[in-house]
Amino acid sequence: MPIYAPGKRDRKNRQLSGGKRSVVAILSLTAMVDMFTVLTVFLLQNYKSTGEVLFIPKEVVLPNAAETKELTPAHVVTISNQFVFLDQEPLVDFKEVKEQRDWLVRPLYQKLIDAIQKSEVDNRQALKTQIKKVVGNQQKPTKEINQFRRVTVQADKKIDFLTIKKVMYTVTEAGAEEINFAVMVVEKGDLGALPK
(Lines give C-alpha, C1' and ligand atoms only; values in the text may rest on other atoms or scores of the structure.)
Protein backbone atom coordinates (compact mmCIF):
# COMPACT_ATOMS: atom_id res chain seq x y z
CA MET A 1 0.00 0.00 0.00
CA PRO A 2 1.63 3.27 -1.08
CA ILE A 3 2.00 6.06 1.41
CA TYR A 4 1.44 9.60 0.22
CA ALA A 5 2.53 12.71 1.97
CA PRO A 6 -0.39 14.93 2.79
CA GLY A 7 -0.54 18.08 0.76
CA LYS A 8 -1.36 21.51 2.04
CA ARG A 9 -5.01 21.92 2.87
CA ASP A 10 -7.19 24.86 3.57
CA ARG A 11 -9.50 25.36 6.53
CA LYS A 12 -12.20 23.20 4.97
CA ASN A 13 -9.78 20.35 4.39
CA ARG A 14 -9.58 20.83 0.63
CA GLN A 15 -6.26 20.30 -1.04
CA LEU A 16 -4.63 23.51 -2.18
CA SER A 17 -3.11 23.99 -5.61
CA GLY A 18 -1.22 21.05 -6.92
CA GLY A 19 2.34 22.31 -6.53
CA LYS A 20 5.24 20.14 -5.59
CA ARG A 21 4.59 18.15 -2.50
CA SER A 22 7.14 18.31 0.24
CA VAL A 23 7.60 15.98 3.13
CA VAL A 24 8.66 17.66 6.33
CA ALA A 25 9.15 15.55 9.37
CA ILE A 26 8.80 17.37 12.63
CA LEU A 27 10.76 15.85 15.46
CA SER A 28 8.98 16.13 18.75
CA LEU A 29 11.54 17.50 21.19
CA THR A 30 9.44 16.68 24.25
CA ALA A 31 9.39 12.95 23.50
CA MET A 32 13.13 12.98 22.89
CA VAL A 33 13.84 14.72 26.21
CA ASP A 34 11.61 12.18 27.97
CA MET A 35 13.50 9.32 26.35
CA PHE A 36 16.90 10.72 27.39
CA THR A 37 15.63 11.28 30.94
CA VAL A 38 14.53 7.66 31.19
CA LEU A 39 17.84 6.51 29.72
CA THR A 40 19.84 8.62 32.20
CA VAL A 41 17.90 7.28 35.18
CA PHE A 42 18.38 3.73 33.90
CA LEU A 43 22.14 4.18 33.57
CA LEU A 44 22.45 5.80 36.99
CA GLN A 45 20.53 2.95 38.62
CA ASN A 46 22.65 0.29 36.92
CA TYR A 47 26.00 1.82 37.80
CA LYS A 48 25.02 2.76 41.34
CA SER A 49 26.09 -0.05 43.61
CA THR A 50 27.46 0.75 47.01
CA GLY A 51 28.74 4.14 46.10
CA GLU A 52 32.26 2.78 46.17
CA VAL A 53 34.08 1.43 43.18
CA LEU A 54 36.94 -0.97 43.74
CA PHE A 55 40.13 -0.25 41.89
CA ILE A 56 41.43 -3.45 40.35
CA PRO A 57 45.04 -3.31 39.08
CA LYS A 58 45.66 -4.59 35.54
CA GLU A 59 47.76 -7.52 36.70
CA VAL A 60 45.07 -8.87 39.05
CA VAL A 61 42.50 -11.25 37.59
CA LEU A 62 39.80 -11.89 40.15
CA PRO A 63 38.24 -15.34 40.48
CA ASN A 64 34.66 -15.87 39.28
CA ALA A 65 31.74 -16.64 41.54
CA ALA A 66 27.98 -16.93 41.13
CA GLU A 67 26.94 -16.54 44.79
CA THR A 68 27.90 -13.03 45.91
CA LYS A 69 26.81 -10.17 48.10
CA GLU A 70 27.48 -6.49 47.67
CA LEU A 71 30.74 -5.19 49.03
CA THR A 72 30.58 -2.47 51.62
CA PRO A 73 33.18 0.25 52.03
CA ALA A 74 36.27 -1.18 53.68
CA HIS A 75 40.04 -1.23 53.59
CA VAL A 76 41.21 -3.10 50.50
CA VAL A 77 44.19 -5.46 50.55
CA THR A 78 45.21 -6.39 47.02
CA ILE A 79 47.51 -9.33 46.31
CA SER A 80 49.04 -9.30 42.85
CA ASN A 81 51.94 -11.33 41.52
CA GLN A 82 54.22 -8.29 42.09
CA PHE A 83 53.12 -6.50 45.28
CA VAL A 84 50.76 -6.59 48.23
CA PHE A 85 48.83 -3.30 48.33
CA LEU A 86 46.82 -1.65 51.08
CA ASP A 87 44.31 0.84 49.69
CA GLN A 88 46.29 1.07 46.40
CA GLU A 89 49.60 1.72 48.20
CA PRO A 90 52.26 -0.92 47.45
CA LEU A 91 53.62 -2.21 50.76
CA VAL A 92 55.65 -5.34 50.28
CA ASP A 93 57.03 -7.41 47.41
CA PHE A 94 54.98 -10.51 46.61
CA LYS A 95 58.03 -12.80 46.38
CA GLU A 96 59.12 -11.66 49.84
CA VAL A 97 55.73 -12.61 51.29
CA LYS A 98 55.68 -15.90 49.45
CA GLU A 99 59.14 -16.94 50.63
CA GLN A 100 58.92 -15.79 54.25
CA ARG A 101 58.37 -18.44 56.92
CA ASP A 102 56.71 -16.11 59.40
CA TRP A 103 52.92 -15.87 59.17
CA LEU A 104 52.81 -12.16 59.96
CA VAL A 105 53.51 -9.75 57.08
CA ARG A 106 55.00 -6.92 59.15
CA PRO A 107 54.63 -3.94 56.74
CA LEU A 108 51.01 -4.86 56.04
CA TYR A 109 50.32 -5.44 59.73
CA GLN A 110 51.59 -2.02 60.83
CA LYS A 111 49.92 -0.10 57.98
CA LEU A 112 46.62 -1.87 58.54
CA ILE A 113 46.68 -1.12 62.27
CA ASP A 114 47.32 2.56 61.47
CA ALA A 115 44.54 2.60 58.86
CA ILE A 116 42.03 0.93 61.20
CA GLN A 117 42.89 3.33 64.05
CA LYS A 118 42.51 6.34 61.75
CA SER A 119 39.19 5.01 60.47
CA GLU A 120 38.06 4.35 64.04
CA VAL A 121 38.77 7.96 65.05
CA ASP A 122 36.96 9.24 61.96
CA ASN A 123 34.06 6.88 62.61
CA ARG A 124 33.72 7.94 66.25
CA GLN A 125 33.65 11.57 65.23
CA ALA A 126 31.00 10.85 62.60
CA LEU A 127 29.04 8.78 65.12
CA LYS A 128 29.09 11.62 67.66
CA THR A 129 27.74 13.95 65.03
CA GLN A 130 25.10 11.42 64.03
CA ILE A 131 24.05 10.82 67.66
CA LYS A 132 23.62 14.55 68.13
CA LYS A 133 21.37 14.60 65.08
CA VAL A 134 19.43 11.52 66.25
CA VAL A 135 18.89 12.96 69.71
CA GLY A 136 17.68 16.12 68.07
CA ASN A 137 15.40 14.28 65.63
CA GLN A 138 14.74 11.14 67.76
CA GLN A 139 15.54 8.70 64.95
CA LYS A 140 17.62 5.52 64.79
CA PRO A 141 21.25 5.77 63.68
CA THR A 142 21.76 4.28 60.23
CA LYS A 143 25.50 3.64 60.29
CA GLU A 144 27.04 0.49 61.72
CA ILE A 145 29.53 1.03 64.49
CA ASN A 146 32.36 -1.32 63.47
CA GLN A 147 32.45 -0.70 59.74
CA PHE A 148 36.05 0.48 60.03
CA ARG A 149 37.14 -3.07 60.91
CA ARG A 150 36.07 -4.52 57.55
CA VAL A 151 38.71 -5.56 55.04
CA THR A 152 38.20 -6.59 51.43
CA VAL A 153 40.87 -8.84 49.92
CA GLN A 154 41.46 -8.76 46.18
CA ALA A 155 43.67 -11.62 45.14
CA ASP A 156 44.67 -12.75 41.70
CA LYS A 157 43.22 -16.16 41.01
CA LYS A 158 46.69 -17.60 40.36
CA ILE A 159 48.06 -16.61 43.79
CA ASP A 160 48.86 -19.62 45.97
CA PHE A 161 46.71 -20.31 48.99
CA LEU A 162 49.58 -20.15 51.50
CA THR A 163 50.32 -16.51 50.59
CA ILE A 164 46.63 -15.60 50.87
CA LYS A 165 46.53 -17.38 54.23
CA LYS A 166 49.50 -15.30 55.47
CA VAL A 167 47.72 -12.09 54.42
CA MET A 168 44.48 -13.23 56.07
CA TYR A 169 46.37 -14.05 59.27
CA THR A 170 48.01 -10.61 59.22
CA VAL A 171 44.68 -8.88 58.59
CA THR A 172 43.06 -10.76 61.47
CA GLU A 173 45.97 -10.00 63.81
CA ALA A 174 45.70 -6.30 62.90
CA GLY A 175 42.16 -6.26 64.27
CA ALA A 176 39.90 -6.82 61.28
CA GLU A 177 36.58 -8.36 62.22
CA GLU A 178 35.15 -9.08 58.79
CA ILE A 179 37.11 -10.21 55.72
CA ASN A 180 35.44 -10.28 52.30
CA PHE A 181 36.92 -11.44 49.01
CA ALA A 182 36.36 -9.49 45.81
CA VAL A 183 35.26 -11.66 42.89
CA MET A 184 33.88 -11.20 39.40
CA VAL A 185 30.18 -11.97 39.25
CA VAL A 186 29.02 -14.48 36.64
CA GLU A 187 25.71 -16.25 36.10
CA LYS A 188 25.36 -19.73 37.59
CA GLY A 189 25.10 -21.36 34.17
CA ASP A 190 28.24 -19.63 32.91
CA LEU A 191 30.52 -21.02 35.66
CA GLY A 192 31.02 -24.39 33.95
CA ALA A 193 31.77 -22.84 30.56
CA LEU A 194 34.55 -20.53 31.81
CA PRO A 195 38.19 -21.46 31.19
CA LYS A 196 40.04 -22.40 34.38
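Predicted model: local features only at pLDDT ≥ 70, side-chain atom pairs only at ≥ 80, totals over all residues.
Let me begin with a term: a residue counts as buried when its relative accessible area is under 20%, as exposed when that area is over 50%, and as partly exposed in between. Gln88 is a case in point, since at 54% relative accessibility it counts as exposed.

Gln88 sits in the loop between E3 and E4, and its phi is positive, at about 70 degrees, although the residue is not a glycine. Asp87 is found in that loop between E3 and E4 as well, and Asp87 too has a positive phi, near 50 degrees, in a residue other than glycine. How exposed is Asp87? With a relative accessible area of 38%, Asp87 is partly exposed, because a value between 20% and 50% falls into that middle class.

Now let me step back to the chain as a whole. The chain has 4 helices and 7 strands, and if you follow the elements from the N terminus on, they run α-β-β-β-β-α-α-β-α-β-β. Of the 196 residues, 26% count as buried, and the accessible surface of the chain comes to about 15,000 Å², with 56% of that belonging to carbon and sulfur atoms. If we take the contacts with a separation of 6 or more, residues 24 or more positions apart account for 64% of them.

In what order do the strands of the open sheet lie? There are 5 strands, the order is E4-E3-E2-E5-E6, and the pairing is mixed. Strand E4, residues 89-93, and strand E6, residues 178-181, are the edge strands, each of them pairing on one side only. On average, and with direction ignored, neighbouring strands of this sheet are turned by 25 degrees against each other.

If we walk through the sheet from the E4 side, E3 and E4 pair in the antiparallel sense over 4 bridges, and within that pairing Val84 stands opposite Val92 in E4. These two strands make a hairpin with 2 residues between them, and it is here that Asp87 takes its positive phi.

Helix H4, residues 161-173, lies across E2, E5 and E6, and runs at about 150 degrees to E6. Which helix passes H4 in a right-handed crossing? The helix in question is H3, residues 106-137, whose axis comes within 9 Å of that of H4 and crosses it at roughly 35 degrees. On the H3 side the contact is made by Leu108, Tyr109 and Leu112, and on the H4 side by Val167, Thr170, Val171 and Glu173. The residues of this contact divide into 5 nonpolar, 1 polar and 1 charged.

From that list I would pick out Thr170, which is found in helix H4. Why does Thr170 count as buried? Its relative accessible area is 0%, and the class therefore follows, since anything under 20% counts as buried. Leaving aside its neighbours within four places in sequence, Thr170 is in contact with Trp103, Leu104, Val105, Leu108 and Tyr109, and two of these, Leu108 and Tyr109, are residues that H3 brings to its contact with H4.

For a contrast, let me finish on Arg124, which has its place in helix H3. Arg124 is exposed, with a relative accessible area of 52%. Arg124 and Phe148 are 24 residues apart in sequence, while in space their C-alpha atoms are 10.0 Å apart.

How values were computed
Residues numbered from 1 in each chain as written. Heavy atoms only, no water. Pairing = 2+ DSSP bridges. Axes fitted to C-alpha atoms, helices over the stretch in contact; angles between N-to-C directions. Contact = heavy atoms within 4.5 Å. Left-handed = near helix turned anticlockwise from the far one by under 90°. Nonpolar A, V, L, I, M, F, W, Y, C, P; charged D, E, K, R; others polar. Buried < 20%, exposed > 50% of the residue type's maximum accessible area, 1.4 Å probe, protein only. Areas by Shrake-Rupley, 256 points an atom, 1.4 Å probe, with all protein chains shown as cover.
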